[in-house]
Amino acid sequence: MQFQQLQYFVAVAETRHFTRAAELVHVAQPSLSQQIKALERELGADLFLRARGNITLTDAGEALLPLARRILADTDTARHEVQELVQLRRGRVRLGATPSLCTGLLPDVLRAFHDRYPGIRLLIEEGGSHDLVRGLARGALDLALVVLPLPSPAPALSTVELLREDLVVVSSPESPAPGRGGSEVGIGELAGERLVMFRHGYDLRELTVAACRSAGFEPDFAVEGGEMDAVLGFVRAGLGVAVVPRMVATRAGHGLRVTPLARPGLHRTIALAHRSDVAPPRAARELQRMLLER
(Lines give C-alpha, C1' and ligand atoms only; values in the text may rest on other atoms or scores of the structure.)
Protein backbone atom coordinates (compact mmCIF):
# COMPACT_ATOMS: atom_id res chain seq x y z
CA MET A 1 0.00 0.00 0.00
CA GLN A 2 1.44 3.35 -1.05
CA PHE A 3 0.79 6.84 0.25
CA GLN A 4 0.01 8.02 -3.28
CA GLN A 5 -2.64 5.30 -3.69
CA LEU A 6 -4.41 6.46 -0.52
CA GLN A 7 -4.29 10.03 -1.83
CA TYR A 8 -5.95 8.95 -5.09
CA PHE A 9 -8.52 6.83 -3.23
CA VAL A 10 -9.61 9.75 -1.01
CA ALA A 11 -9.82 12.06 -4.03
CA VAL A 12 -12.18 9.63 -5.83
CA ALA A 13 -14.20 9.06 -2.65
CA GLU A 14 -14.71 12.80 -2.20
CA THR A 15 -15.46 13.68 -5.83
CA ARG A 16 -17.24 10.43 -6.77
CA HIS A 17 -15.69 10.90 -10.19
CA PHE A 18 -12.42 9.48 -11.55
CA THR A 19 -11.74 12.30 -14.02
CA ARG A 20 -12.36 15.08 -11.49
CA ALA A 21 -10.29 13.21 -8.91
CA ALA A 22 -7.40 12.98 -11.39
CA GLU A 23 -7.60 16.75 -11.99
CA LEU A 24 -7.64 17.35 -8.23
CA VAL A 25 -4.41 15.43 -7.63
CA HIS A 26 -2.79 16.56 -10.91
CA VAL A 27 -2.37 13.13 -12.52
CA ALA A 28 -3.63 11.55 -15.73
CA GLN A 29 -6.92 9.71 -15.27
CA PRO A 30 -5.63 6.32 -16.55
CA SER A 31 -2.74 6.45 -14.08
CA LEU A 32 -5.13 7.19 -11.23
CA SER A 33 -7.41 4.31 -12.22
CA GLN A 34 -4.44 1.91 -12.41
CA GLN A 35 -3.29 2.91 -8.91
CA ILE A 36 -6.79 2.44 -7.48
CA LYS A 37 -6.96 -1.07 -9.05
CA ALA A 38 -3.51 -1.87 -7.62
CA LEU A 39 -4.72 -0.78 -4.17
CA GLU A 40 -7.81 -2.97 -4.50
CA ARG A 41 -5.63 -5.97 -5.46
CA GLU A 42 -3.38 -5.29 -2.47
CA LEU A 43 -6.38 -5.17 -0.10
CA GLY A 44 -8.24 -8.01 -1.78
CA ALA A 45 -11.49 -6.05 -2.02
CA ASP A 46 -13.23 -3.64 -4.33
CA LEU A 47 -13.36 -0.10 -2.95
CA PHE A 48 -15.84 1.40 -5.43
CA LEU A 49 -19.00 0.29 -7.20
CA ARG A 50 -18.51 1.58 -10.74
CA ALA A 51 -21.94 2.05 -12.29
CA ARG A 52 -21.93 4.31 -15.37
CA GLY A 53 -22.02 7.90 -14.14
CA ASN A 54 -22.37 6.79 -10.53
CA ILE A 55 -19.35 6.00 -8.33
CA THR A 56 -20.13 4.83 -4.80
CA LEU A 57 -18.08 3.32 -2.00
CA THR A 58 -18.33 -0.37 -1.13
CA ASP A 59 -18.38 -1.47 2.49
CA ALA A 60 -14.61 -1.95 2.25
CA GLY A 61 -14.25 1.57 0.83
CA GLU A 62 -16.38 3.02 3.65
CA ALA A 63 -14.15 1.27 6.19
CA LEU A 64 -10.93 2.48 4.54
CA LEU A 65 -11.94 6.12 4.02
CA PRO A 66 -11.58 7.44 7.63
CA LEU A 67 -8.34 5.49 8.06
CA ALA A 68 -6.91 6.88 4.81
CA ARG A 69 -7.88 10.43 5.78
CA ARG A 70 -6.17 9.99 9.15
CA ILE A 71 -2.98 8.66 7.52
CA LEU A 72 -2.89 11.58 5.08
CA ALA A 73 -3.52 14.07 7.91
CA ASP A 74 -0.76 12.52 10.03
CA THR A 75 1.60 12.75 7.06
CA ASP A 76 0.80 16.45 6.63
CA THR A 77 1.37 16.98 10.35
CA ALA A 78 4.72 15.19 10.19
CA ARG A 79 5.79 17.26 7.18
CA HIS A 80 4.73 20.47 8.93
CA GLU A 81 6.59 19.58 12.14
CA VAL A 82 9.78 18.79 10.24
CA GLN A 83 9.52 22.05 8.29
CA GLU A 84 9.04 23.93 11.56
CA LEU A 85 12.23 22.38 12.94
CA VAL A 86 14.10 23.20 9.74
CA GLN A 87 12.96 26.83 10.07
CA LEU A 88 14.92 27.08 13.31
CA ARG A 89 18.11 26.06 11.50
CA ARG A 90 17.73 28.42 8.57
CA GLY A 91 15.37 31.15 7.47
CA ARG A 92 14.73 34.71 8.57
CA VAL A 93 12.78 36.87 10.99
CA ARG A 94 11.66 40.34 9.95
CA LEU A 95 11.34 42.46 13.07
CA GLY A 96 10.30 46.08 13.24
CA ALA A 97 11.12 48.31 16.21
CA THR A 98 11.37 51.94 17.14
CA PRO A 99 14.97 53.25 17.10
CA SER A 100 15.00 53.69 20.88
CA LEU A 101 14.14 50.01 21.35
CA CYS A 102 16.84 49.02 18.87
CA THR A 103 19.25 50.92 21.10
CA GLY A 104 17.90 49.83 24.47
CA LEU A 105 15.94 46.58 24.54
CA LEU A 106 16.91 44.55 21.49
CA PRO A 107 20.71 44.11 21.56
CA ASP A 108 20.76 41.60 24.45
CA VAL A 109 17.72 39.65 23.23
CA LEU A 110 18.96 39.46 19.65
CA ARG A 111 22.38 38.31 20.81
CA ALA A 112 20.76 35.49 22.84
CA PHE A 113 18.55 34.54 19.86
CA HIS A 114 21.52 34.55 17.47
CA ASP A 115 23.58 32.40 19.86
CA ARG A 116 20.77 29.83 20.00
CA TYR A 117 19.77 29.95 16.31
CA PRO A 118 22.81 31.11 14.34
CA GLY A 119 21.29 30.05 11.01
CA ILE A 120 18.37 32.48 11.29
CA ARG A 121 18.87 35.85 9.58
CA LEU A 122 17.55 38.78 11.57
CA LEU A 123 16.21 41.61 9.41
CA ILE A 124 15.53 44.73 11.48
CA GLU A 125 13.48 47.69 10.29
CA GLU A 126 13.57 50.85 12.38
CA GLY A 127 10.63 53.23 12.33
CA GLY A 128 7.85 54.87 14.28
CA SER A 129 4.80 52.88 15.32
CA HIS A 130 2.76 54.27 12.39
CA ASP A 131 5.33 52.97 9.89
CA LEU A 132 5.69 49.63 11.64
CA VAL A 133 1.93 49.03 11.74
CA ARG A 134 1.81 49.66 8.00
CA GLY A 135 4.70 47.21 7.54
CA LEU A 136 2.78 44.52 9.44
CA ALA A 137 -0.38 45.21 7.43
CA ARG A 138 1.32 44.75 4.06
CA GLY A 139 3.18 41.61 5.17
CA ALA A 140 6.63 43.19 5.16
CA LEU A 141 7.23 42.36 8.85
CA ASP A 142 6.66 39.23 10.94
CA LEU A 143 6.72 41.02 14.30
CA ALA A 144 6.96 44.62 15.48
CA LEU A 145 7.65 46.37 18.76
CA VAL A 146 5.21 49.27 18.86
CA VAL A 147 4.13 51.94 21.31
CA LEU A 148 0.56 51.67 22.65
CA PRO A 149 -2.04 52.85 21.95
CA LEU A 150 -1.77 51.89 18.30
CA PRO A 151 -2.41 54.53 15.66
CA SER A 152 -6.01 54.59 14.55
CA PRO A 153 -7.33 53.20 12.32
CA ALA A 154 -5.05 50.17 12.64
CA PRO A 155 -5.35 46.82 10.81
CA ALA A 156 -6.31 43.67 12.72
CA LEU A 157 -3.29 43.09 14.95
CA SER A 158 -2.64 40.91 17.96
CA THR A 159 -0.65 42.72 20.64
CA VAL A 160 0.80 41.70 23.98
CA GLU A 161 2.23 44.23 26.41
CA LEU A 162 5.97 43.84 26.83
CA LEU A 163 7.03 46.60 29.21
CA ARG A 164 6.11 49.99 30.65
CA GLU A 165 9.07 52.31 30.54
CA ASP A 166 9.82 55.58 32.33
CA LEU A 167 11.03 58.56 30.35
CA VAL A 168 13.83 60.78 31.67
CA VAL A 169 15.48 64.05 30.72
CA VAL A 170 19.06 63.91 29.42
CA SER A 171 21.39 66.89 29.26
CA SER A 172 25.07 67.68 28.92
CA PRO A 173 27.00 67.58 32.23
CA GLU A 174 28.76 70.74 31.07
CA SER A 175 25.47 72.66 30.86
CA PRO A 176 23.31 73.77 33.84
CA ALA A 177 21.02 71.04 35.14
CA PRO A 178 17.49 71.29 33.71
CA GLY A 179 14.77 73.09 35.62
CA ARG A 180 15.77 74.21 39.09
CA GLY A 181 18.79 71.94 39.13
CA GLY A 182 17.30 69.44 41.58
CA SER A 183 17.32 65.65 41.55
CA GLU A 184 14.07 65.67 39.56
CA VAL A 185 12.54 67.95 36.96
CA GLY A 186 8.86 68.57 36.28
CA ILE A 187 7.42 68.75 32.79
CA GLY A 188 6.43 72.37 33.46
CA GLU A 189 10.07 73.26 34.17
CA LEU A 190 10.98 72.33 30.60
CA ALA A 191 9.24 75.56 29.53
CA GLY A 192 12.55 77.29 30.18
CA GLU A 193 14.63 74.74 28.28
CA ARG A 194 15.51 74.35 24.64
CA LEU A 195 14.70 70.84 23.47
CA VAL A 196 16.49 68.58 21.04
CA MET A 197 13.55 67.01 19.28
CA PHE A 198 13.05 63.90 17.18
CA ARG A 199 11.70 63.93 13.65
CA HIS A 200 8.00 63.94 12.82
CA GLY A 201 6.40 60.50 13.12
CA TYR A 202 8.60 59.57 16.07
CA ASP A 203 6.52 58.33 19.02
CA LEU A 204 8.72 60.14 21.55
CA ARG A 205 8.22 63.44 19.74
CA GLU A 206 4.44 63.15 19.88
CA LEU A 207 4.47 62.08 23.53
CA THR A 208 6.81 64.90 24.62
CA VAL A 209 5.02 67.64 22.70
CA ALA A 210 1.64 66.49 24.04
CA ALA A 211 2.97 66.53 27.63
CA CYS A 212 4.37 70.06 27.21
CA ARG A 213 1.09 71.35 25.82
CA SER A 214 -0.82 69.68 28.66
CA ALA A 215 1.48 71.58 31.06
CA GLY A 216 0.47 74.82 29.37
CA PHE A 217 3.38 75.71 27.10
CA GLU A 218 4.65 75.19 23.59
CA PRO A 219 8.08 73.49 23.55
CA ASP A 220 11.06 75.46 22.23
CA PHE A 221 13.18 73.40 19.84
CA ALA A 222 16.90 74.01 19.58
CA VAL A 223 17.29 71.23 16.96
CA GLU A 224 14.70 68.91 15.50
CA GLY A 225 14.49 66.13 12.96
CA GLY A 226 17.01 63.62 14.29
CA GLU A 227 16.99 59.91 15.04
CA MET A 228 17.97 58.59 18.48
CA ASP A 229 21.75 58.57 18.01
CA ALA A 230 21.69 62.07 16.52
CA VAL A 231 19.54 63.43 19.34
CA LEU A 232 21.87 62.00 21.99
CA GLY A 233 24.87 63.43 20.15
CA PHE A 234 23.30 66.91 19.99
CA VAL A 235 22.53 66.75 23.72
CA ARG A 236 26.13 65.74 24.52
CA ALA A 237 27.26 68.78 22.50
CA GLY A 238 25.18 71.04 24.76
CA LEU A 239 22.60 72.10 22.16
CA GLY A 240 19.70 71.35 24.49
CA VAL A 241 17.94 68.70 26.56
CA ALA A 242 15.86 65.74 25.38
CA VAL A 243 13.24 63.40 26.80
CA VAL A 244 14.24 59.78 26.16
CA PRO A 245 13.48 56.30 27.58
CA ARG A 246 15.38 55.43 30.74
CA MET A 247 16.76 52.29 29.11
CA VAL A 248 18.31 54.33 26.31
CA ALA A 249 19.76 56.89 28.75
CA THR A 250 21.29 54.11 30.85
CA ARG A 251 22.91 52.44 27.84
CA ALA A 252 24.11 55.74 26.36
CA GLY A 253 25.96 56.46 29.61
CA HIS A 254 29.07 58.52 28.91
CA GLY A 255 28.62 62.24 28.34
CA LEU A 256 25.03 62.53 29.55
CA ARG A 257 23.37 63.73 32.75
CA VAL A 258 20.18 61.79 33.48
CA THR A 259 17.43 63.54 35.45
CA PRO A 260 14.20 61.68 36.34
CA LEU A 261 10.88 63.39 35.71
CA ALA A 262 8.92 64.36 38.82
CA ARG A 263 5.65 62.57 39.48
CA PRO A 264 3.47 61.68 37.72
CA GLY A 265 6.26 61.64 35.14
CA LEU A 266 6.00 60.30 31.62
CA HIS A 267 5.79 56.67 30.58
CA ARG A 268 5.26 54.65 27.45
CA THR A 269 3.90 51.15 26.97
CA ILE A 270 5.70 48.86 24.54
CA ALA A 271 3.85 45.94 22.94
CA LEU A 272 4.80 43.10 20.62
CA ALA A 273 2.47 42.99 17.62
CA HIS A 274 1.77 40.70 14.68
CA ARG A 275 -1.08 40.27 12.24
CA SER A 276 -3.99 38.42 13.80
CA ASP A 277 -4.97 36.75 10.52
CA VAL A 278 -1.54 35.24 9.79
CA ALA A 279 0.47 33.10 12.20
CA PRO A 280 4.12 34.22 12.40
CA PRO A 281 6.73 31.69 11.17
CA ARG A 282 8.21 29.32 13.74
CA ALA A 283 11.44 31.31 14.04
CA ALA A 284 9.47 34.52 14.62
CA ARG A 285 7.39 32.80 17.31
CA GLU A 286 10.59 31.70 19.02
CA LEU A 287 11.91 35.27 19.01
CA GLN A 288 8.54 36.39 20.35
CA ARG A 289 8.86 33.90 23.22
CA MET A 290 12.35 35.12 24.08
CA LEU A 291 11.21 38.76 24.08
CA LEU A 292 8.32 37.96 26.40
CA GLU A 293 10.55 35.95 28.76
CA ARG A 294 13.49 38.34 28.76
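Ala, Val, Leu, Ile, Met, Phe, Trp, Tyr, Cys and Pro count here as nonpolar; Asp, Glu, Lys and Arg count as charged; the others, Gly among them, count as polar. This is a predicted model, in which local features need pLDDT of at least 70 and side-chain atom pairs count only at pLDDT 80 or more, while totals for chains, interfaces and linings use all residues. Residues are numbered from 1 along each chain as its sequence is written, and side-chain values use heavy atoms, with hydrogens and water left out.

A cavity is a set of points, on a 1 Å grid over the protein atoms alone, where a 1.4 Å probe fits but cannot get out; lining residues have an atom within 4 Å of a point. Grid points are joined across faces, edges and corners, and a volume is the space filled by probe spheres set on the points. The structure holds two cavities of 30 Å³ or more.

The second largest cavity has a volume of about 30 Å³. Thr98, Pro99, Ser100, Gly127, Gly128, Tyr202, Asp203, Leu204 and Arg268 form its lining. Helix H5 (99-104) and H8 are the elements that give two or more residues to that lining. Helices (H or I, at least four residues) and strands (E, at least two) are DSSP runs, numbered from the N terminus. By class, this lining has three nonpolar, four polar and two charged residues.

Ser100 is one of these lining residues. Ser100 belongs to helix H5. Its relative accessible area is 2%, so Ser100 is buried. Buried means under 20% relative accessible area, exposed means over 50%, and partly exposed lies in between (1.4 Å probe, protein chains only). The side chains of Ser100 and Arg268 are joined by a polar contact of 2.7 Å. Such a contact is a pair of N or O atoms within 3.5 Å; within protein, one must be able to donate a hydrogen and the other to accept it, and residues adjacent in sequence count only if both atoms are side-chain atoms. Not counting residues up to four places away in sequence, Ser100 touches Tyr202, Leu204, Met228, Pro245, Val248 and Arg268. Contact means heavy atoms within 4.5 Å.

The largest cavity has a volume of about 40 Å³. Leu195, Val196, Met197, Phe198, Thr208, Val241, Ala242 and Val243 line it. Strand E7 (194-198) and strand E9 (242-245) each supply at least two of the lining residues. E7 gives the largest share, four residues. By class, the lining has seven nonpolar, one polar and no charged residues.

Now the open space. A pocket is an open set of grid points with protein on both sides within 12 Å along at least five of seven lines. The largest pocket holds about 180 Å³ of space. It is lined by 12 residues, and the closest to its centre are Val147, Leu148, Pro149, Asp203 and Glu206. Helix H7 (129-137), strand E5 (143-148), helix H8 (203-214) and strand E11 (267-275) each supply at least two residues of the lining. H8 has the largest share, three residues. The lining comprises six nonpolar, three polar and three charged residues.

H7 also has a buried side. Ser129, Leu132, Val133, Gly135 and Leu136 are buried in this helix. Seen down the axis of H7, these residues fall within an arc of 155°, so they line one face of the helix. The arc is that of the directions from the helix axis to the C-beta atoms. Strand E3 (91-97), strand E4 (120-126), E5, strand E6 (157-171), H8 and E11 are among the elements that cover the buried residues of H7. Just after H7, Gly139 takes a positive phi of about 80°.

Helix H6 (residues 106-116) comes next. Its residues Leu106, Val109, Leu110 and Phe113 are buried. They cover an arc of only 95° around the axis, which puts them on the same side of H6. The face turned away from that buried side carries the exposed residues Arg111 and Asp115. The cover over the buried residues of H6 includes E3, H5, E4, E5 and helix H11 (282-292).

Two residues remain. Ser172 sits in the loop between E6 and E7. Ser172 counts as buried, at 3% relative accessibility. Leaving aside neighbours within four places in sequence, Ser172 is in contact with Val235, Arg236, Gly238, Gly255 and Arg257. Leu43 is found in helix H3 (residues 29-43). Leu43 counts as partly exposed, at 36% relative accessibility. Leu43 touches Met1 and Leu64, not counting residues up to four places away in sequence.
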